[in-house]
Structures are given as C-alpha cells and as structure tokens.
Amino acid sequence: MNRASTAWLFLAPALLVLGAFFLLPVLAGLGLSLTDYDIYALADIHNLRFVGLANYWDLLHRRLFWAALGHTLYFVVAGVPLSMLASLGTALLLNSSAARFKPVFRTALFAPVVTTVVAVAVIWRYLFNTQYGVVDFVLTHLGIPPIDWLGDPHWAMPMIILFAVWKNFGYNMIILLAGLQAIPAELYEAARIDGASGWRQFRHITLPALAPILLMVGILTVSGYFQLFAEPYVITEGGPLQSTVSVLYLMYQDGFKWWNMGTASAVAFLLFLVMFVATMALWRAGVSREDAA
Amino acid sequence: MKPRVSRWLVNAALAACAALVLFPLFWMLSVSFMQPGEANALPPPMLPQIPTLDNYRELFAHAGMGRWFANSLIIATAVTLASLACNTLAGYAFAKLHFAGREKLFDALIGALVIPAQVAMLPLFLLLKYAGLVNTYAAVILPAMASVFGIFLVRQYARTMPVELLEAARMEGAGELRIFIEVVLPLLKPILVTLAVLTFLTAWNDFMWPLIALTGQQHYTLPVGLASLSRQHVQDSGLMMAGAVVTVVPVLVLFLALQRYYLRGLLLGSVKG
C-alpha cells in the first residue's frame, strides 16, 4: 500500500465524524434557515415550504431578537474587559517575585475553570438569593441596601457577568502568566538601572511584550462570550422580564421549545455573522495597532 | 516601595483573591451537609451545626442521581476513548504522512473553528431524530468522536518527533499501522494523557447539546439532571448543593491529580494564533 492511501486511511475516521456531524449539519442548517420547518413539518415533511430569506426578514423585525442581541452584546462588552482585567491582574500577582506558594495560589485561582457550569450556576443562584443569600447579607452589613439580583431586570445581567468573570478568568490567567514568564529579565534589569518606575516598566515593557497574547486571548474570549447560554438557562431562566435572554437562549427556545427550527436556524446564522464581524474587526484593529507601535 | 511592604501586599492580595474565588465552592460543600431548612436561615450559617448526609441520600434514593452519574461516566469515557483514537490517527497523519493537499486540508479544518458549534445543532438534532437516535447515549457520543482541537494538539506534538525513527522502521519493512502502534503511540503518550484529560472534562461538563439530545430523565447526564432539578427544587438549597458537589468533585479531583497535563494542553492549544 502506498503512503498517500495510508494517510487517507488514518484520516478517514476523524474526517467522517467531522463531515457527518459538523460540516453536513452546518450546510443543512443554512438550507433549514430558508424554510418554514416547524412542528407540522416535524410530523410530516410534506408540510415543509421554502421561504427564502423570510425568516431573516422576520427576525430583523422582531423585538425579542434585538433585545436578545442587545443582552448578549452587553454581556460581551462588559464581561470580556472585566474578565481580561481579572486575568491580567492575577497573572501579574502570580508572576511577582514577591509572591509565595505560587503553585497553590495558581491552582486555587484556576479551580473554577474546570468546574461544571451548571453546578456552579446553581451555587450562584443561592449566593445571590435575595432572602437568604450571602451576598445581600454582606451588602446590608456594609450599609448598602440589598439588591434583588434575581428579580430586578437591571441587576440580573450584572450578576451573570460576575459569574462569568469568576468562572472564566483563570483560563486566560494561565496563558498570560506563561507570556509574562517569557519576557526576558534583562529588559526589566536595564529599565531599573535607568530608574524607570514600576508603572513605567509595566507600560513600556510588559504591555508591549504581552500585546499579541492579549489580542489573541481577547478575541477567543469575545467569541466564547457570544455563546452565552447555560448561565441564563440555569440562574435566571432568561428572566426577569426576559432581561437575560441571550441569542442562543432565543435559538434554544425557538428551536427546541416551540419547534420553529427554520427560525431558530436563522437565529444561529445571524449570531455566527455577528461573531464573525466582531472578531474580524477586533483582529484588524489589533494588528494595525501592533504595526503602528 | 520597600521590598518587605510590597511582598506583604502581593501575598495579601493573592490570598484575598484565592479566598474570594474558593468561597462559593467551600460554601457549596458546607451547605450540602446541612439539615433541611438550615441553609435558608438569616444570617446564612457558614458551617453545618450537625453535619448530615441526608441530602446525598435523598438525591441518590429519589432523584435518580446515581443513574445520571453512571450516564455521565459512560458518555464521558466513551467520548474520550473514541475521540482519542480518531484524533491521534488524524493528527499523526497531518504531522508525518505525506499526501496531496495536506496543508490545505489542515488549514480548512482550522478555518472551520470560526463556526460556532451551535450552528450545527438544529440540523444535527433532525439528523439523529430521523436515524432514531435521539435520547440515546449515541446522540451525545457520535458528534464528539473527533475534534479539530484534538487533531491540532496531536499534530503539534507529533511534528517534533524525529523522522529518522519512522524511516528506520520503514527500512526494516514494518507496515504503517505497525509503525503507528509500536513507534508512534509510545512517543505520543504525554500528549495523549493531556488530550484524554481535556476531552473527559469537556464531555463531563458539556451542557447544551446533551440538554437537546437527551430528552428522557433516564438518559440525563449530571449537568442536565441538575439543571432540571434546579428548576423544580428552587427552595431546597441543601439538596441542590449536594447535587452540585456530586457533579463538580469528580472533575476537580481529576484536575488536581493530572494538573500538569491539563495545563500543558491549555498552553499548547493557545499558540494556534
């Protein structure tokens, strides 16, 4: 047997799985989004009709779709910078020569990343309970009036953002820490001899050296945060007053609760489009800034 | 700033962060051992007055937690074994075997990473429905049997393998499959452990797809079961915390035991940019 056919034989299982269970469904999803596939079509496929771009058109005129997109953008725009700040801050602390017990602290700070979203979301719901939650108990003791985290549409999303920061910052912390450790010590040595302060060292050595990693990590975090689903599903069930309905939550409801699978597919592709545009724009902006620097 | 002061500040900040981060997990554990109703008192108690296993007993006796635990274990193990096989074969082929269009195909796979998995979920559900596989283990296992990330990870690692070893084995007339099993696999062992840990944890924690594909209680995984419990038992904090403990502790223990491998995978996976 020649080498090339061996290679294809080795590739076959993985390519078959990816083709049948990812590529094919993605293409089918594009087709599905152009039909009125609903519960009647689910019962009898003859009820299926081609509707062109009508699903997309309807979505663009649906208040809840824009609301869901708005909530998701809120989550991304507030959640990503906060997560990145937490990751960078803890990575800097862990990288400091003054820090002791580094492996212990690193493991402790990373622990939430490996936990199950659903399980820790259940804890969160309890911590932020208005009647007997610890968070409001502490706030009251600090003289701050308790907040109805689960019942007030203005506070539900901030609570979910806090959850996401807590759950995810450890991941980027590890990557940034590796980036910090790769910066040559001589650079700091030279800066210190020149009398540069800690802040100036951070501004002129650490940040530029870390910039490519920050950009990559930021883009990955943005695309991850656009896929918000389990948190509102478990903590708030999309409420109160639909204030935490994310795009994927809407897709899930449309597709698997009401069985409007054509509409739900259109929701999925619109989310993909938004994610693609957002990450591309970030990447362009980041690269041109690096070129300028 | 004086070195002693800054050392104190850095360590105090780290300790404060760690305490804040671990508090929810600590409290989960503590509340799970409390008597019914005890956790809903004001001020919230930090430790159970008389620790009890009642919540755990209730979960396993009446809520079907044992069944969900077994389901999670079966699915995560099957996904890990199957995807390890598929990804290793493909990753090695991309790294060391020659065929026309190798780089282009690999680039196409990496490019496909921009498509969020949820785009495929609706048609995938219909596909499995027409195949009669909805609400079976296969519905969750089949789509997870290969992953671009896994192929990428194996390829990165396999590329550093010396070609001379493979050539020497070929000179001796060994077949490609034998070379793979006897020469390549032992060399790939560290990355296989890494991939196994990452895959198992991901499969164990996965939520959205199992929620869609497993429609009957008897097939629920732990996260799906826990989510459905939490929608029914909102008031029973002790019970819910015990459920969270049963779900989270296995993955935390696995992570602590194999931390080195896990973190290496995380760092290797992040250099793809």
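Colleague: I'm new to this predicted model. Which residue forms a salt bridge with B:Arg170?

Modeller: B:Glu167 is the partner, and the closest N and O atoms of the two are 3.2 Å apart. In general, a side-chain nitrogen of Lys or Arg has to come within 4 Å of a carboxyl oxygen of Asp or Glu, so this pair qualifies. Both residues sit in helix 8 (residues 163-171) of chain B, three residues apart, about one turn of the helix.

Colleague: Thanks! How many salt bridges are there over all chains?

Modeller: A search of the whole structure gives 11. One of them pairs A:Asp254 with A:Arg62, with 3.0 Å between the closest N and O atoms. A:Asp254 lies in helix 12 and A:Arg62 in the loop between helix 3 and helix 4 of chain A, so the bridge ties together parts that are 192 residues apart in sequence.

Colleague: And which side chain of chain B meets A:Glu237?

Modeller: That is B:Arg231, at 3.9 Å from N to O. B:Arg231 belongs to helix 11 of chain B and A:Glu237 to a loop of chain A, so this pair joins two chains. A:Arg125 is linked with both of them in a network of salt bridges.

Colleague: Now helices. Where is the kink in helix 10 of chain A?

Modeller: Look at A:Ala211, shortly before the proline A:Pro212: the kink there is about 50°. A straight helix of 28 residues would span 40 Å, but helix 10 spans only 33 Å between its end C-alpha atoms.

Notes. Residues are numbered from 1 along each chain as its sequence is written. Chains are lettered from A and ligands numbered from 1 in the order in which they are written. This is a predicted model: local features need pLDDT of at least 70, side-chain atom pairs count only at pLDDT 80 or more; totals for chains, interfaces and linings use all residues. Side-chain values use heavy atoms; hydrogens and water are left out. Helices (H or I, at least four residues) and strands (E, at least two) are DSSP runs, numbered from the N terminus. The expected span of a helix is 1.5 Å times one less than its number of residues. The bend at a residue is the angle between axes fitted to the seven residues ending there and the seven starting there.
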